[in-house]
Amino acid sequence: METRKWETIKEYEDILFEFYNGIAKITINRPRYRNAFTPTTTGEMSNALTICRECADISVVVITGAGDKAFCSGGDQNVKGKGGYIGKDGVPRLSVLDVQKQIRSIPKPVIAMVNGYAIGGGHVLQVVCDLSIASENAIFGQTGPRVGSFDAGFGSSYLARCVGQKKAREIWFLCRQYNAQEALQMGLVNKVVPLEQLEDEVVDWAETMMQHSPLALRMIKAGLNAELDGQSGIQELAGDATLLYYLTEEAQEGKNAFLEKRKPDFKKFPKFP
Ligand code: S0N
């Protein structure tokens, strides 16, 4: 196992947010509760993901949990109230949904580094990541129908895209737990490694992707999402197309002509077959 020096990007209460060689690592830091999340946790994750999106030095995002027992055990049942999870302001929220949307829409690869239990809303978190690498001790499953909750959004529909409709229904209806090898076989994760090799493996995958064209990775992510995400998915892909268009001389000609108060000359630009 390689020792690497992760630098703190920003201090938070419930998460660690660190940087190493182009990789940002968000660690849910509540091992006492198997890294269950509260509105504070999800609010901080949202904030960190916004920084990951904005910061050009960050190429890949890794999400994990502190310790060697859990990735995340979902919503903290101690603060579950009527209408959602009650934060310090006394307002019930389901704010992990915002985190899920950010993970899907950030135009950079997000890797779930699954280092133990990924259960309930914690399991959905690993499902929505672009790639999942698990340690041999990782355990996967949904508990919703047993504990009075469910995720009928990405946690069901995207899960079914990963493992198939029958298996997704089994996972939700029976609330069983699956070990890492079973998760690998059903397409829930990309790779399983011994716990002590987990971070090395994740960093290796991140560094491999960082050798590739960031725009190509961005477009592939947007394209894979667009097929599933309806109009919001198409909006992401279309936004990327607009970004690329703005980089062309053809788009510059329109803007320049307007500012120079002349007619644009678009005839000179090629019409590719
Ligand atoms: C993870 C499990 C299987 C680990 O078992 P293990 O190793 O035997 O440890 P325990 O002794 O059970 O736990 C150690 C201590 O940690 C506490 N703890 C564990 N999980 C939670 C939790 N989720 N909330 C609060 N505390 C937790 C234990 O209580 C224990 O504490 P002490 O020592 O004091 O006894 C096992 O722990 C387990 O099954 N955990 C519960 C998993 C669960 O049911 N999670 C909730 C599932 N539901 C959701 O996540 C909500 C869905 C959701 O996120 C969502 C969906 C759609 C829209 C919005 C939302 C949203 O909620 O925001």
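Student: How many helices and strands are there in the chain?

Tutor: Keep in mind that this is a predicted model. The chain has 10 helices and 14 strands. Its radius of gyration is 21 Å, close to the 19 Å that the globule rule gives for 273 residues, so the chain is as compact as a globular protein of that length. Along the principal axes, the C-alpha atoms fill a box of roughly 65 × 45 × 40 Å.

Student: What share of the residues in the chain is buried?

Tutor: Buried means under 20% relative accessible area. Here, buried residues make up 45% of the 273 residues.

Student: Where does UniProt place the feature "binding site"?

Tutor: Treat such a record with some care, as annotations may be inferred rather than shown by experiment. In this case an unreviewed UniProt entry puts the feature at Q142, T143 and G144. Q142, T143 and G144 also belong to the lining of the largest pocket.

Student: Is Q142 buried or exposed?

Tutor: Go back to that 20% cut-off. Q142 counts as buried because its relative accessibility is 1%. Look for Q142 in the loop between β12 (139-141) and α4 (144-147).

Student: Which residues does Q142 touch, not counting those up to four places away in sequence?

Tutor: They are G120, H123, V124, I171, W172, C175 and R176. With G120 there's a polar detail too: a polar atom of the Q142 side chain lies 3.2 Å from the backbone oxygen of G120.

Student: And where is G144 found?

Tutor: G144 sits in helix α4 and is buried, with a relative accessible area of 3%. Neighbours within four places in sequence aside, G144 contacts S149, F150, W172 and C175.

Definitions and conventions
Residues numbered from 1 in each chain as written. Predicted model: local features only at pLDDT ≥ 70, side-chain atom pairs only at ≥ 80, totals over all residues. Heavy atoms only, no water. 1 Å grid on protein atoms, 1.4 Å probe; cavity = no way out; pocket = protein on both sides within 12 Å on 5 of 7 lines; lining within 4 Å. Helix = DSSP H or I, 4+ residues; strand = E, 2+ residues; numbered from the N terminus. Buried < 20%, exposed > 50% of the residue type's maximum accessible area, 1.4 Å probe, protein only. Contact = heavy atoms within 4.5 Å. Polar contact = N/O pair within 3.5 Å; in protein donor to acceptor, adjacent residues only side chain to side chain. Rg over C-alpha atoms; globule rule 2.2 N^0.38 Å.
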